[in-house]
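This report describes selected features of a protein model. The sequence and the structure are shown first, and the description follows.

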Amino acid sequence: MITDLLTPSQVQINLAARIKQRRLEQRLTQEQLAQKAGLPLATYRLFEQRGQISLSAFMLVAFALNALHELNELFTHPTWVTMDEMLNAVTPKKRVRCKRG
């Protein structure tokens, strides 16, 4: 997968760009979003410029943009390496009855 070739810094920059786009779609200034998220403007500006922000501050920004549910969905889907792993995971297991006595 091509995204596996990204560095953590590149992912941070990509996330910051997506957040900025979302902010602009909602017609918010940096100052308005920072205030809505309860963050200092300098903290938010640093995030948009360099992608640097704490996880808790990032969650506040996502909440302010009504996008916290998107963060909550991270890592909820299983990852498979082989087709067999996927088939075993999605195929319902048959119940086996024990013989009595």
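Arg23 is buried, with a relative accessible area of 6%; buried means under 20% relative accessible area, exposed over 50% and partly exposed in between (1.4 Å probe, protein chains only). The model is a predicted one, in which local features need pLDDT of at least 70 and side-chain atom pairs count only at pLDDT 80 or more, while totals for chains, interfaces and linings use all residues. Residues are numbered from 1 along each chain as its sequence is written, and side-chain values use heavy atoms, with hydrogens and water left out.

Arg23 belongs to helix H1 (residues 8–25); helices (H or I, at least four residues) and strands (E, at least two) are DSSP runs, numbered from the N terminus. Leaving aside residues up to four places away in sequence, Arg23 touches Leu28, Thr29, Gln30, Leu33, Tyr44, Glu48 and Leu65, where contact means heavy atoms within 4.5 Å.

| Residue | Relative accessible area |
|---|---|
| Arg23 | 6% |
| Gly51 | 4% |

Gly51 is located in the loop between H3 and H4. Its contacts, not counting residues up to four places away in sequence, are Gln12, Ile13, Ala16 and Leu46. The C-alpha atoms of Gly51 and Leu15 are 7.2 Å apart, although 36 residues separate the two in sequence.

The axes of H2 (residues 30–37) and H3 (residues 41–50) come within 9 Å and cross at roughly 115°; axes are lines fitted to C-alpha atoms, for helices over the stretch in contact, and angles run from 0 to 180 degrees between N-to-C directions. Gln30, Glu31, Leu33 and Ala34 of H2 meet Leu41, Tyr44, Arg45 and Glu48 of H3 in this contact.

The whole structure holds 2 aromatic pairs; rings of Phe, Tyr and Trp (its six-membered ring) pair if their centres lie within 6.5 Å, and planes under 30 degrees apart count as stacked, over 60 as edge-to-face and the rest as tilted. Phe47 and Phe58 form an edge-to-face pair, at 5.7 Å centre to centre with 70° between the planes. Phe47 lies in helix H3 and Phe58, 11 residues apart from it, in helix H4 (residues 55–64). Both phenylalanines are buried, and together with Tyr44 they form one aromatic cluster.

The mean pLDDT, the predictor's confidence in each residue from 0 to 100, is 88 for the protein, and 91% of its residues reach 70 or more. Among the elements, H2 has the highest mean (98) and helix H6 (residues 83–90) the lowest (74).
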